[in-house]
Amino acid sequence: MRGAVIPITMVPGDSPLHKIAPLPKLAWSFGVLIIAFMTRNPAILGTIILAGLLLTTIAQIWKPMLRVMIVLFPVFVISIFLQSIAPAFPKPWNPIVGFGPFTIYQEGIYSGITMFGRAFGMTLFAMVTIMTTHPSDLFASLEKIGMPYVLNFILTVTLQLIPILQREFGTVLSAQKSRGMKGTGFGAVLPSMVPVFVGAIERVQQLSISLESRAFGSTGNKTSYRNVVMRPSDYIILVSGLLATFATGYWILVDKSLDWSRSMTFSPTLSISLVVSAGLIFTSFVTIAIFKIIKT
Amino acid sequence: MSEALIVCENLTHIYDGEVVAVQDINLTIQKGELIGVIGQNGSGKTTLVKHFNGLLKPTKGKVFVNGNDTAGMRIQELAKSVGYVFQNPNHQLFAKTVREELEFGPTNLGVPEDEVKERVNKAFKFFNLEKYRESHPYRISFPLRKLVGMASIYTMRPDVFILDEPTTGQDHITTRIVYQLIERLRNEGATVICVAHDMILLAEVVERMIVMRDSQIIADTDPRTVFSDKDLMASTHLTPPQITELSYRMRDNKQIKNLALSINGLLEETSKNFNLKRSK
Ligand SMILES: Nc1ncnc2c1ncn2[C@@H]1O[C@H](COP(=O)(O)OP(=O)(O)OP(=O)(O)O)[C@@H](O)[C@H]1O
Ligand SMILES: [Mg+2]
């Protein structure tokens with residue numbers, strides 16, 4: 001009856017990654033984020049993805065990672081499809097093949113693949129960080145480096161609200177089914193959104209009252225129940241993360257040969273099969289998702 | 001001659017492969033019965049009744065509704081014969097007006113338009129909601145919203161009404177109204193299954209009481225027998241109605257003969273006693 005809850009939360013364990021303090025992991029994740037946006041080089045992005053998969057193995061979080069990726073992967077893949085026909089890339093574009101009003105461009109495929117690589121690599125690192133770190137530790141660390149308490153709090157509450165709303169949506173949907181709702185199409189799901197949103201708003205209103213009554217808005221330093229300790233090894237990982245980011249960033253800025261957008265060519269067959277399979281993966285995902293939501 | 005409407009055979013439900021919520025339940029509910037289900041928090045009441053309209057499917061065992069195994073049936077199919085009123089009306093209501101809310105169920109069942117109208121009109125009378133016909137369901141007070149939730153199922157004319165805690169969070173007056181409605185539903189020939197925490201009024205209304213504890217049924221009999229069994233009551237951590245407490249004591253003091261469940265019952269008992277003494 002309950003919808004599949006996407007596990008964007010900590011997965012308990014005692015891998016080496018779980019033992020690292022949050023800050024070094026955050027530093028690496030942000031480093032990856034910066035690098036991923038600085039370059040379109042497939043080799044660098046590929047390395048990031050491989051490293052992400054390796055970390056997933058070390059942390060022994062393949063199962064929850066797969067459950068997240070089943071949802072996100074099709075969304076990333078669609079960028080290959082969209083980019084190939086409308087590249088986010090400076091013109092001129094070199095067409096590879098065309099059929100009807102659609103033309104697949106060389107730059108489009110390149111741009112699509114790199115966008116996919118960026119998104120996939122970044123999320124892998126972010127997910128490894130989230131899944132191996134206790135949320136309280138994560139937020140306590142964020143606060144230490146100057147993240148405002150209120151912002152921090154909003155983030156925590158939002159993250160908590162997601163599974164609650166998912167469950168609520170399941171309840172509402174079953175209430176409609178109990179009234180014989182014909183479960184087909186998006187039109188059927190839409191009525192269920194009303195109670196979920198009304199419920200969410202009411203919940204948030206109550207939350208804000210209960211927060212204020214517990215002196216939420218008071219000024220001064222907040223203390224944290226969990227104390228995060230940085231060990232020497234954590235400092236080493238933190239510093240090496242920062243150095244790696246700077247070094248790679250510098251290399252990307254200096255070495256112009258890293259731009260492969262012209263040298264890396266795609267044959268018409270490869271382009272078509274890439275675009276078609278991207279489209280297929282995405283549409284089948286959407287179909288399955290809608291079907292799963294509506295299915296009794 | 002009574003016929004079985006709902007039959008559970010060795011029904012067990014386990015959530016997520018670990019939480020055993022109901023265990024090995026055998027139960028038969030006849031047409032026209034008025035049943036109360038009580039038990040402390042988490043004893044499995046909601047889980048049990050959600051099996052009756054297919055919201056949950058048995059992990060082990062079987063549930064039959066009108067002789068059909070629910071395992072292969074969709075909720076939408078079962079909705080014709082089993083009406084389930086959710087604990088929280090906010091989970092149920094979404095239309096722009098109360099009237100549309102009441103039309104939703106029967107329209108889904110394919111009831112012809114003029115009959116839908118007729119049913120809706122009757123529901124407005126039955127629940128005394130005529131004033132709120134064109135009101136927005138979220139604009140009316142919570143107790144009334146709860147009545148709208150019941151009315152939206154009433155227009156579907158199911159054989160069985162399942163009410164999950166219809167009186168929790170209600171003021172005393174609405175609670176009374178709810179129980180009057182339950183009795184009237186039954187008088188119209190419906191079967192009513194009512195899950196509740198507060199037994200004060202339930203005791204006066206139902207004829208059969210199912211008591212749950214730790215995912216099992218520990219008693220299934222008339223309210224009088226349930227309340228007379230002090231050990232049973234203690235083991236569920238539920239407090240019987242105050243009037244019952246009083247009549248326990250009066251019985252222990254030999255002031256009355258039989259246990260009374262309601263004010264009227266106690267009055268009757270005491271007057272019997274009074275007459276008894278006077279005639280001596
Ligand atoms: N969706 C669910 N997933 C996992 N466990 C659940 C779920 N729903 C209920 N449970 C568990 O099953 C047990 C029985 O729950 P149930 O809701 O049937 O009890 P209840 O008697 O209706 O309680 P209440 O009086 O609080 O409504 C409880 O231990 C509860 O925590
Ligand atoms: Mg319940």
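# Briefing on chain B of a predicted complex

Of the 280 residues of chain B, 53% count as buried, where buried means under 20% relative accessible area, exposed over 50% and partly exposed in between (1.4 Å probe, protein chains only). The model is a predicted one, in which local features need pLDDT of at least 70, side-chain atom pairs count only at pLDDT 80 or more, and totals for chains, interfaces and linings use all residues; side-chain values use heavy atoms, with hydrogens and water left out. Residues are numbered from 1 along each chain as its sequence is written, and chains are lettered from A and ligands numbered from 1 in the order in which they are written.

## Confidence

- Chain B has a mean pLDDT of 87, and 95% of its residues reach 70 or more; pLDDT is the predictor's confidence in each residue, from 0 to 100.
- For the complex, the predictor gives an ipTM of 0.77 and a pTM of 0.72.
- Where pLDDT is low, the predicted coordinates should not be read in detail.

## Overall form

- Chain B contains 11 helices and 10 strands; helices (H or I, at least four residues) and strands (E, at least two) are DSSP runs, numbered from the N terminus.
- Along the principal axes, the C-alpha atoms of chain B fill a box of roughly 70 × 45 × 40 Å.
- Among contacts in chain B between residues at least 6 apart in sequence, 61% join residues at least 24 apart; a contact means heavy atoms within 4.5 Å.
- For chain A, the domain assignment gives domain 1 (1–134 + 229–296) and domain 2 (142–225), with bounds that come from an automatic or database domain assignment.
- The C-alpha centres of domain 1 and domain 2 of chain A lie 28 Å apart.

## Nonpolar cores

- A nonpolar core is a set of buried Ala, Val, Leu, Ile, Met, Phe, Trp, Tyr and Cys residues joined through side-chain atoms within 4.5 Å.
- The largest such core has 51 residues, and those with the most contacts inside it are B:Phe127, B:Ile182 and B:Phe227.
- Helix α5 (residues 142–154) of chain B gives the most to this core, contributing seven residues.
- Beyond four places in sequence, the residues that B:Phe227 touches include B:Met199, B:Met209, B:Met233, B:Tyr248 and B:Leu261.
- A second, separate core of 29 residues includes B:Ile6, B:Val37, B:Val63 and B:Leu78.

## Strand β9 and its partners

- Strand β9 (residues 208–213) of chain B is mostly covered, with five of its six residues buried.
- On one pairing, strand β3 (residues 34–39) of chain B runs parallel to β9(B) over five bridges; two strands pair if DSSP finds at least two bridges between them.
- Within β9(B), B:Val211 stands opposite B:Ile38.
- Strand β10 (residues 216–221) of chain B runs antiparallel to β9(B), and five bridges join them.
- B:Gln216 in β10(B) stands opposite B:Arg213.
- The hairpin of β9(B) and β10(B) has two residues between the strands, and B:Asp214 there takes a positive phi near 45°.

- B:Arg145 is found in helix α5 of chain B and counts as buried because its relative accessibility is 8%.
- The C-alpha atoms of B:Arg145 and B:Pro89 are separated by 6.4 Å, although these residues are 56 residues apart along the chain.
- Residues touched by B:Arg145, beyond four places in sequence, include A:Glu202 of the other chain as well as B:Asn90, B:Leu93 and B:Tyr138.
- B:Val85, in strand β6 (residues 82–85) of chain B, counts as buried because its relative accessibility is 5%.
- From C-alpha to C-alpha, B:Val85 and B:Asp164 are 6.3 Å apart in space and 79 residues apart in sequence.
- Beyond four places in sequence, B:Val85 touches residues including B:Gly149, B:Met150, B:Ile153 and B:Ile162.

## Positive phi in loops

- Most residues other than glycine have a negative phi, and most peptide bonds are trans.
- B:Arg157 is not a glycine, yet has a positive phi of about 50°.
- The loop between α5 and β7 (160–164) of chain B holds B:Arg157, which counts as partly exposed at 36% relative accessibility.
- B:Glu165, also a residue other than glycine, has a positive phi near 45°.
- B:Glu165 lies in the loop between β7 and α6 (172–187) of chain B and is buried, with a relative accessible area of 4%.
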